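Good morning. Please have a look at the molecule on the screen, and then I will go through some of its contacts and surfaces.

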Amino acid sequence: MIRRFLAAIILLWAMGFLAFTVTLPQPLSMTGDAATTTDAVIVPTGGAGRIARGLAVLEQGAATQMLVSGVDREVTPEEFAAEFEVDAARMSCCVTLGFAAVDTRSNAAEIAQWVEDNDIASLRLVTTDWHMRRVANELDRKLADDVNVIRDAVTSEPSLSSLFLEYHKLLASCLAGLINL
């Protein structure tokens, strides 16, 4: 009986991992239609292409504000603007750098606070495809129920070990949500 139970658990884990890896979230269209226009674009730092994608969303007019969460405390707004070729007017009106977050859970807390402080009703979450489910899961627990979140993944080519690690972090995040950690 214990063997069957363990075999069932292993089978569920393996099927879950397979589903996780073959169904990574996809990018949204950049056409700017009403379905993809939001009050803000949110970009947790960490993966290649995330900030560029967020800035493209701003440039296309699909959002009017952008929060970059988890920026290293040593990075100045001027350095950020130079690195990503953001003009001073765009930086001052539309781009907020968040320095409080150090991991995905604290990204969610930082984002939720910024969303509340800025009366954001809808947001486009931009993060790497393999990271999307976990950050969205953390955000779901922190944001008010009436905030609409649209997911916009940045396509990547993660290694098997990265996917393996992220799958387990997602499982831990889901478990933490179930027991309200």
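Arg53 forms a salt bridge with Asp152, and their closest N and O atoms are 2.9 Å apart. A salt bridge here is a side-chain nitrogen of Lys or Arg within 4 Å of a carboxyl oxygen of Asp or Glu. In general, side chains of opposite charge can pair when their charged atoms come close. This is a predicted model, where local features need pLDDT of at least 70, side-chain atom pairs count only at pLDDT 80 or more, and totals for chains, interfaces and linings use all residues. Residues are numbered from 1 along each chain as its sequence is written, and side-chain values use heavy atoms, with hydrogens and water left out.

Which parts of the chain does the pair of Arg53 and Asp152 tie together? Arg53 lies in helix α2 and Asp152 in strand β5, so the bridge ties together parts that are 99 residues apart in sequence. Helices (H or I, at least four residues) and strands (E, at least two) are DSSP runs, numbered from the N terminus. Both Arg53 and Asp152 are buried. Buried means under 20% relative accessible area, exposed means over 50%, and partly exposed is in between, with a 1.4 Å probe and protein chains only.

The side chains of Asp152 and Arg124 meet in a salt bridge at 2.7 Å, N to O. This pair links distant parts of the chain, with Asp152 in strand β5 and Arg124 in strand β4, 28 residues apart. Asp152 and Arg124 are both buried. Through shared partners, salt bridges join Arg53, Arg124 and Asp152 into one network.

How many salt bridges are there by this rule? The count comes to 6. One of them is formed by Glu138 with Arg105, whose closest N and O atoms are 3.9 Å apart. Glu138 is in helix α6 (residues 132-142) and Arg105 in helix α5, 33 residues apart, so this pair, too, links distant parts of the chain. Glu138 is buried, at a relative accessible area of 6%, while Arg105 counts as partly exposed at 39%.

Back to helix α2, which covers residues 50-60. Its buried residues are Arg50, Ile51, Arg53, Gly54, Leu55, Val57 and Leu58. Just after α2 comes Gly61, with a positive phi of about 80 degrees.

Where are they? Glu85 is in the loop between α3 (77-84) and α4 (88-94). Asp119 is in the loop between α5 and β4 (122-128). Glu85 is exposed, with a relative accessible area of 74%, and Asp119 is exposed, with 68%.

Next, strand β5 again, which runs over residues 148-154 and holds Ala153. Ala153 counts as buried because its relative accessibility is 1%. Ala153 and Trp130 are 23 residues apart in sequence, and their C-alpha atoms are 8.3 Å apart in space.

Rolling a probe the size of a water molecule over the atoms shows where empty space is left. The largest pocket has a volume of about 170 Å³. Of the 13 residues that line it, the closest to its centre are Trp130, His131, Arg134, Glu166 and Lys169. On a 1 Å grid over the protein atoms alone, a pocket is an open set of points where a 1.4 Å probe fits, with protein on both sides within 12 Å along at least five of seven lines, and lining residues have an atom within 4 Å of a point. Which element gives the most to this lining? That is α7, with 4 residues.

His168 is also found in helix α7. At 29% relative accessibility, His168 counts as partly exposed. His168 and Val149 are 19 residues apart in sequence and 24 Å apart in space, C-alpha to C-alpha.

Last, the start of the chain. Ile9 is in helix α1, residues 2-22, and counts as partly exposed at 43% relative accessibility. Ile2, Phe5, Leu6, Ile9 and Leu12 form a nonpolar patch on the surface, with about 550 Å² of accessible area together. Patches are made of residues with over 30% relative accessible area and no salt bridge, and nonpolar side chains (Val, Leu, Ile, Met, Phe, Trp, Tyr) are joined within 5 Å, like charges within 9 Å. Thank you.

Technical notes
Areas by Shrake-Rupley, 256 points an atom, 1.4 Å probe, with all protein chains shown as cover. Points joined across faces, edges and corners; volume = space filled by probe spheres on them.
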